[in-house]
Structure formats: structure tokens, C-alpha cells
Amino acid sequence: MNIYQIAEIASWLFLFYGIIISLGYSFAAIFSFLEIRDYKRKHNFQAEFTLLQSSSLPSISVLAPAYNEEANVVENVRSLLTLNYPSYEIVIINDGSKDGTLQQLIETFDLEEKDFKYYQFISTQKVRAVYKSRNKAYKNLKIIDKENGGKADALNTGINLCDHEITCCIDVDCILESDALMKLVKPFLNNTKKVIASGGIIRVANSCIIEDGRIIDVKLPDTFLARAQIIEYFRAFLMGRMAWSRLDGLLLISGAFGMFDKETVIKVGGYNPDTVGEDMELLVRMRRKMREEKISYNVGFVPDPLCWTEVPQKWHILHRQRNRWTRGTAETLWIHRKMLFNPKYKVLGMLSTPYWLFFEWLAPLIEFLGILYVIYLLIFSNLNPLVYLIFFAVVYSFAILFSITALFFEEFSFQQYKKPKYIIKLIGTILIEPLVYHPFIMWASVKGNWDLYKGKKNWGTMQRTGLGNPQKKK
Amino acid sequence: MEKILVIEDNPMVSKSLEFKLSRDGYEVFIAEDGRVAKEILEKHNFDLILTDLMLPFITGIQLIEHVKAVYPETPIIVLSTSKQEDIIMDAFNLGVEDFITKPFSPNELSVRVKRSLKIVSQPVR
Amino acid sequence: MQEFIEHIIQNGELILKINLIFTLLFFLTTLFFISSILYLRYHKILKEKKVKKLNEKLSNFINIYLFDESLSPKDIKNFQSQNLKNTFEQKIAIKALLVFEENLKGSTNTMIRDLFFTWELDKLTERDLKSGVWYKVARAIYVSSELRLIDFKELVKSHLNTEREEVRQQAILYFITISEEQPLEFLDLIKTPITLWEQIYIEECLKTKYSGPIPDFSNLLHHNLTSVQLFSMKMISEYNQFENIEKMVPFLLSEKEELKNAAIEYLAHLEYSELLDYCKETFNSQTPNTKKVIIKILQRIGNTDDFLKFESRIPAHDWMNLQVFNNLKSNYIEESNSVTL
């Protein structure tokens, strides 16, 4: 077999993979379009009926793990305390922070230790103390201090100790719209089937103007890195999850903001502390269990932008984040490999998990191989440079088409970026993104797989600039 | 001519209020939210303020606090759909002169505005 | 460029040709989407301008109509023929009228309704109601309930059992809003369970949209649907209809756990005197869920001792309920401490 034959076979394989991916994306686009159109129609005639006063709404426990968050924790808790919902408690779980997180909270909110008895429905690290405020104004605030055990362990502790049947797990530093709980709880109530979880859309908070813990003006970040992530979030949420929710094949509710039925979470054993993709793994496990026990259930999805999060502005931190996400995906797929191509799990087995396998986990690896192959060809063959150019052109044009479609959906639905110049800038970002940002993300994923192979289970701490700081109004 | 500041975020409603009150012979200014209201307040002296409670950016209660602190003489009438007892109590505790619930009758509003202006303009004994 | 393409067509392999075609296709589609984005923006700005202009006209006209009795019937008709020619304009007019309707009461409100009919906007509403397109139907029902268009009763009726929750919600709103008395009569027509959300919604509509006498909710206690029965117990307790206590008591023996739990919870709220004895007698044989309900209401129906006595009755393996109990107990101790201080 000569070099040309290998080249030929490889070319066909890559082309085949490319076609599959394009088809997948096209279907995603169609389903998303239908979902967004329905969403728009629902909202064009009447403002959501205000049920905020109703005492019949179920109480919610908001769980937020905090690890070394002393810079922002107080501000974040204040913002959580002003959410608009009749009955909820805030549970902050201090996951053995090494800085002054706990001290800050104790001083600001006038906390005192409380006796506590609890049962470990899910086994976790030791709880040191439970605090509540002496001040009546903070009566729905509870702080749990525990030994360090990671995010999953912290959330499990919160689930063990929280009072209410519906839990909302969030990242402590994300900014919620004031009616976020209201909107996210609606699927739980408005359903004849049992609802085990619901999730929403995550937006990029960088550069937005924030006052009293609320987004008051949406701005486009100045850095390319943040803008590229905005595009990425459009693709992930407006094209990805939107479509999956229509197909009832949602596998991931972001750890940054999701609501769960506590009973079901406890029944499946809570978050798995052995994976870095605990948010995805939990939902997959819950869905799997429900399916295996033949209980009919639903997973809710609320397309409104309810939660804003600060994305990494530094390359090395982004690298760490993506490295972790890749490992999370791979671990989850490995744990639940039985579901893959298993018709028993219906959409989950035949569509969702294969999609995650091929497009989310394998795509960067295949891409990387492709690049190695091109380098190989460059060195060992004397192919016409035009060939490279054409291959490049097809990949590039597809990449921008995909992003542009996502941007189109954003424009068609929410139009969060109101100024016309933002649109132009975003289009510009889309044109550069495949050349600069994408290869970097691919590399982070490849590295993640490598680290996983090497058995590295490091968290990767995320540096934050602080919520109020990036741009305070005046 | 007595000056009235109307703070209301729905332009259709504020316009109607303006129409009705100018017909009654007042000079009417409109602010669509609490911030704009604060700015206008710095430029003019008002004989009466008519405000909604559900406002963007600054709540009606915060605005009332501000007005009562800076312009203690100016009477305030609240015009609101709010049925929350605590908010209504808050408003009265802050010293608003009157509370009209939406939906409202325009004629009744005229009378109440007139009365609030009269009470205040009576000389202090 | 020309040369380059010819080169490929003549010498290139099939795979390159396919790639080239795809590249072209992707670029064209990209261009299409970019222009759509720009068009959407442009269209939106234009539309907003139009809406704003028409809204101003409408608002001026309606104000003059309401407060300045100088308009003749002919003027009103003229405004219609000049400004409300197409569906788009009529929709905006309806929206504007609804704003006035929502904010005004008394004689002005009646005038707004008259204007709605004079401008023949009911025709558009009727057309939408009959259209069969869910979002048009939902909007039309909403308009009908806001303006109390009772003539559409029959048309709306058929939407009470639709699968589209949005439409069904509007239909519920409609029947509560237009009724003078017996606002919940429509529940007799309901055949599919009402979700918790819908129950809250009905309660809220009843409080905000209905002004007649409060009905006797016990009529619904024997509805075919469990969800309606639950709702009726809740409402009996919400409106303190003590006279219905006797009718609720049989549900304590219901075989359906949810009905039994609701009966316990709401009878506790109504301070039914025999409830404590019932709880004492049956606690051990109840399911964990029912136990939880009982634990939560104990403080309401009994004294401290009654409450504390139950601690030993919770089975040692029932951690869920032990935790609920402990939480209540610690809150309770705290409260009694703060009283003595």
C-alpha cells in the first residue's frame, strides 16, 4: 500500500466524519428553530402572570458551594438573598476553604453556631458546624462548614442538610435574574409527570453592568477570548440544549444553575465525588435510574436567560476549565457506557450518548489526528497546495456557518446584545474564532484526555476577578 | 400653575395621566423611572408627585424615601396595582398622602389630586 | 480564481470536487444568515418605529375620546378607516385598548369597550379564536377575558381540555373573569388533571380577576379528578370555610395517599378538633409521607407535649422524618427561648 492509498482512505474517512457532523448540526439547527419559535409565540401576547405572592408555591433550597471565595462571597450571598420568590432558603456550603470565606460570612451576617443533627443520606466529608444568623432579616440563610471534599461532596452535604424538597444547585458567583427561581420551578409544577430536574440557559456576564447583584445592562466584552466564549455559549445553548430538550434527550444541566427533585437525587446517591463532571454525571444517572425503574418522568428546560456567569478571561484558566470538562465528559460516558447504543434507553441510548461520544468527546481527538495527518502529508508527499486550501476552506466555511446560525437564533429570539455595533463585532469574532480560539480549545481537550489517561484528578481552581469589579456603574 | 411630576413606566398610562391632569389645569412632567425622576426633581420644584411602585431600577419605595428626605414638603400620591399589604404599609409609613389602586377612575384621581394639593397649601397654624 | 476552479474540475479528484461544492454551499448559507440577521435588525427597528407612531396616534385619540367629549361618531369611524386597515394595525390597537382597560375603571372603562366594538376589533378576535392556530387562539382568549367578551363562551369552552397548556390557561382565565358568580363552574367541564401550576393560577385569578361572592368549594370535593379534589380542599382551607369541615373528614380515610395527606394538612389549618386524636391513633400505621405531613402540623393542632411525644414514635430507620422532626424541634426551642428572654 503506498502513501497515496493511505491518503485516499484517510481523506474519505475524514470526509465521512465531516458529513455526519454536518448532518447532526443541521438537525440540531432545525429542532432549535422549532423550539425557539414556540418560545417566542408563548411570550408575545401576555406577560407572565405574577404568581409571586402565592403561598402555594413549594419552598426551595438554594445550594451554593464555596471554596476560597473570600473576595466575593458576601456580595454573592447578598445578591442571592434578594431573589424574588416567596419561600426559599440559601445554603452556603463552605468546602473547607483555606482563606477567610467563613470568617467573612460570620462577621457580615452575624452568624452563630447551631446544634444540628442530620443523617447522611449521601455519605460525605465531616460537617464541622452549621451557622444561622441572629438577625431576623437573614433568617433564610444557612451556612454549613465542612471538611474539604470537592464540589460534588459539598453539594451532597447541602442536600443532606437542607430543609426543602426542591433543591437548586448553583455556583455561588453566578448572577441570577430576580425571577430565576420562579421560572425554573415552573416545569416542576406544570406537569402531570414527575419532574426530576430542570435547567436553563447560561449567559456570559463579563463586562455587563451589574448593580446590587443584578445585570442591568448587557454589554459585549472587549476581549476576544470572552467574545469567543459568548459565541460558544450561543452554540451550546441555543443550538445544542434547545434541540435536545425538544427531543427529550438532555444529558447535561449546567452545574452553574439547575434545579433537582431532592428525593430522586438522594435515591440515586447524589453527586459523584469521583468525577470532575459531576453535574452531567448526576443527570445521566438520574435519567438512567428512572428509565430502569420504568417511572415516567420529565426533565424541564427553560430557555430564558436566567443565569449569568463570568467566563475565564485568561488563556491558561480557560485551558484548565476545558481540560476538566473533557475529563468530565469522558468519565461520565465511561461510567454509563452501558447506555451507549442501547435501545432500552430510547433517545438517551440511541441519540444522546452517541452524540456526546462522537461530537463532544471524540471530535477534538479526531480533529487533532486530522491535523497530524495534514502535517504528515506536508512532509512526506508533494500534494498540490490547492488541496490543502480546499480542505481548509470547507472546514472553515462550515465552522463559521454553524456559529452564524447560532447568532441568527440569538437575534431571532432574545436579542440580548442590543447595539448594532455588537452584532458586527460578534460576526467579526465568528470569522476569527475557528482560527485562533478553536484550535486552543481542541488542544485543551486533547490534553484533558491525556491527563485522564495519566490518571490526573486535579480540580483546577478558577481565579475570579470578582463580580462587581469588572465594571461597576459609575 | 401647579406642577405635578408623574412617575410611571408605561408610556400609554403616563400619557393618559398627562392628558387628564393638564386638562385639569396643571403643568405635568413625566419620568419613566426612578432615576429620571431624581434628575427632574433637581431641576424643578413640584407641588405634587404621583408615582407608581413597580418601577425599573429603583423601586417606588426607594424613590419615596428619597423624596421625603430631600423634599419633605412635597405631597406624594401612590398609584399602583400592588396588593401587597406590606408595601402599602411601607408607603404610608414613609408619609405618602394618598394611595390609589389601579385600575383607577380618572375622575376620582382628579379629585384626590386636588384634595392633596389643598391640604398641603393650607397654612400651618 | 477562474483558472483555479477549472484546474480542479479537470484534474482534481472526486473528493476535492465534493469539498469545493460544500465550501460554496456553506459560504452561501452563511451569507444568507448574515443578511437575515441584518434584515431582522432592520426590520425590527422599522417595525418598532411604526408601532411607536401608531401607538402615539392611538393614545392621543383615545385620550381625546375619553376626556374631551368633542369627538363625533364619524371621527371614530374615520380613525378606524385611516389607521386600522390591516391585521397588524388592529393588533396594536387591541393592545393599546387593553392597556387602558387594565388601568382604568368606572365609566371610562365602559367607553373603552365601546370603542373596541365600534372599531370592529371583535371581528379579528373572533377570527383568531376560530383559526385553530394555538398562539392566535391563546391571544384571542386573553383579549376576550380582559374585555369580558361573554359572547365567545362557546368558542372558548372547547379549549378547556386542549393539550396546549398556554391555551388552556387562557381559557381558565376567561371563565373565571367573565363569571358573575360560581367562577369555578368550568371545572365540571375539565377532563384532564389540573397541574399544581394551574391550581395556583386558578387561585390567583380568583383573587385578582373575580369580584363576585366566594363560592362554596365543597361542591368540588366529589369531582372525578383527584387534582380537582385536592384543589377544593385547599381552597376550603384558604377561605376558612369551617362549615365544610365535616365534608372533608371522610378523606382522612381515603385510600389515595395524596387525598389523605391533603385532608390532614388542610383540616389542621382549619383547626379541626378531633384531628389530634386521629393522628395519635393512626400515626404508627401511616406511610412515611403521611407521617411527614402529620409531624409538620402537630404544633398547630396540639401543645408542646403532644408534639414532643411523637419523637419516640418515629421509627429509628425513618431518617427523613427524624430530620424533619429535629428541624422543627430546634426551631421550636429557639422560639420558646426568645419568648422567655
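Which residues does Ile92(A) touch, not counting residues up to four places away in sequence? In this predicted model, the contacts of Ile92(A) are Ala64(A), Ala66(A), Val77(A), Leu105(A), Ile143(A) and Val172(A). Ile92(A) belongs to the largest nonpolar core, which holds 192 residues. Together with Val62(A), Leu63(A), Val185(A) and Ile141(C), Ile92(A) touches the most other members of that core. The element that gives the most to this core is helix H11 of chain A (residues 385-413), which supplies 13 residues. Another core, of 30 residues, lies apart from it; Ile194(C), Leu230(C), Met235(C) and Ile294(C) are among its members.

Chain A contains an open sheet of 10 strands with mixed pairing, in the order S3-S4-S5-S2-S1-S6-S11-S8-S12-S7. The edges are taken by strand S3 (111-114) and strand S7 (175-176) of chain A; each has a single partner strand, so one side of each is left without a neighbour in the sheet. Within the sheet, strand S1 (residues 60-66) and strand S6 (residues 166-170) of chain A run parallel and are joined by four bridges. In this pairing, Ser61(A) stands opposite Thr167(A) in S6(A). Helix H5 of chain A (residues 180-189) packs on the sheet. The strands of chain A touched by H5 are S1, S2 (88-95), S6, S7, S8 (194-204), S11 (257-261) and S12 (297-309). The direction of H5 makes about 170° with that of S12(A).

The contact between chains A and C involves 42 residues of chain A and 38 residues of chain C. On the side of chain A, the elements that give two or more residues are helix H1 (3-42), H5, H11 and helix H12 (420-454). H11(A) gives the most to this side, with 16 residues. By class, the side of chain A that touches chain C comprises 26 nonpolar, nine polar and seven charged residues.

Chain B has five helices and five strands, and along the sequence these follow the pattern β-α-β-α-β-α-β-α-β-α. The C-alpha trace of chain B spans about 35 × 30 × 30 Å along its principal axes. For 125 residues, a compact globule would have a radius of gyration near 14 Å, and the 13 Å of chain B agrees with this. Of the 125 residues in chain B, 37% are buried. Among contacts in chain B between residues at least 6 apart in sequence, those that join residues at least 24 apart make up 58%.

The contact between chain B and chain C takes 13 residues from chain B and 12 residues from chain C. Helix H1 of chain B (residues 11-23) gives the most to the side of chain B that touches chain C, with seven residues. This side has six nonpolar, three polar and four charged residues.

Asn55(C) lies in helix H2 of chain C (residues 14-67). Asn55(C) is partly exposed, because 18 other C-beta atoms lie within 10 Å, whereas a buried residue needs 20 or more. Not counting residues up to four places away in sequence, Asn55(C) touches Met12(B), Ile92(C) and Ala96(C). The C-alpha atoms of Asn55(C) and Glu89(C) are 9.6 Å apart in space, although the two residues are 34 residues apart in sequence.

Conventions:
Residues are numbered from 1 along each chain as its sequence is written. Chains are lettered from A and ligands numbered from 1 in the order in which they are written. This is a predicted model: local features need pLDDT of at least 70, side-chain atom pairs count only at pLDDT 80 or more; totals for chains, interfaces and linings use all residues. A nonpolar core is a set of buried Ala, Val, Leu, Ile, Met, Phe, Trp, Tyr and Cys residues joined through C-beta atoms within 7 Å. A residue is buried if 20 or more other C-beta atoms lie within 10 Å of its own, exposed if 12 or fewer, and partly exposed in between; C-beta atoms are placed from the backbone. Two residues are in contact if their C-beta atoms, placed from the backbone, lie within 7 Å. Ala, Val, Leu, Ile, Met, Phe, Trp, Tyr, Cys and Pro count as nonpolar, Asp, Glu, Lys and Arg as charged, and the others, Gly among them, as polar. Two strands pair if DSSP finds at least two bridges between them. Axes are lines fitted to C-alpha atoms, for helices over the stretch in contact, and angles run from 0 to 180 degrees between N-to-C directions. The radius of gyration is taken over C-alpha atoms; the globule rule is 2.2 Å times the number of residues to the power 0.38.
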